[in-house]
Amino acid sequence: KDAKPEMRSCAELKPDMENLLAEGRDRKEVAVEHLNVGGTIFETTPSTLRRSPFLAALLEHSDTLATRDSKQRLFIDRDPVLFSHILKFLRSGKWQSFDKGDAHLVSELCTECSYFGIDGP
C-alpha cells in the first residue's frame, strides 16, 4: 500500500521553511528574456535562446542589432505560431512528431529553422 506522508505541525516545519527561504536568497537570480514575436510575447531563458545562432547573436549584440517594442522587449518580426515550435525545440532538443497532413507546416518550419540557424524537423 501507499505510505501516507508524515504529518508535521507548523512549528516543526518552520525551520525547514526558513532554510528554504535563506537558500533562495543566496541563489543567483535567473534572467528571463521576454520576446515579442509577431505580437505574441514569449518568456524563456537566455541559455535556451543561445541554442540558436541567430538568437545568440541577437542577445550578444542586443544594443545594436535588436529592434525593441514599446516595452523594451526584443522584437522579432516572424510568425509566432511557428516560433512556438522553434522555442519548444530549443528547450528540449527534440522536434514534436508531425503527421503526413502537416507537410505545409513542416515546410514552413524548415524555412524558419534556416532563418534561426538550426536544423529543421
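A disulfide here means a pair of cysteine sulfur atoms within 2.5 Å. Seen from Cys113, the closest cysteine sulfur is in Cys110, again at 6.0 Å and too far for a bond. A search of the whole structure finds zero disulfides.

The model is predicted: local features need pLDDT of at least 70, side-chain atom pairs count only at pLDDT 80 or more, and totals for chains, interfaces and linings use all residues. Residues are numbered from 1 along each chain as its sequence is written, and side-chain values use heavy atoms, with hydrogens and water left out.

How confident is the predictor? The scale is pLDDT, the predictor's confidence in each residue, from 0 to 100. The chain averages 86, and 83% of the residues score at least 70. Where pLDDT is low, the predicted coordinates should not be read in detail. Helices (H or I, at least four residues) and strands (E, at least two) are DSSP runs, numbered from the N terminus.

Now the two cysteines again. Cys113 is buried, at 1% relative accessible area. Cys110 is partly exposed, at 35%. Buried means under 20% relative accessible area, exposed over 50%, and partly exposed in between (1.4 Å probe, protein chains only).

Cys113 also belongs to a helix contact. Helix H4 (residues 80–92) and helix H5 (residues 103–116) pack at an angle of about 70°, with their axes 10 Å apart. H4 is therefore roughly perpendicular to H5, a label for angles of 65 to 115 degrees. Axes are lines fitted to C-alpha atoms, for helices over the stretch in contact, and angles run from 0 to 180 degrees between N-to-C directions. H4 contributes Leu82, Phe83, His85 and Ile86 to the contact; H5 contributes Leu105, Glu108, Leu109, Glu112, Cys113 and Phe116. Contact means heavy atoms within 4.5 Å.

Phe116 leads on to Ser52. Leaving aside neighbours within four places in sequence, Ser52 is in contact with Leu90, Phe116 and Ile118. Ser52 sits in the loop between helix H2 (46–49) and H3. At 0% relative accessibility, Ser52 is buried.

Where is Ser62 placed? Its loop runs between helix H3 (53–60) and strand E3 (67–68). Ser62 is buried too, with a relative accessible area of 15%. Not counting residues up to four places away in sequence, Ser62 touches Arg68 and Leu74.

Technical notes. Angles under 35 degrees count as roughly parallel, over 145 as roughly antiparallel, 65 to 115 as roughly perpendicular and the rest as oblique.
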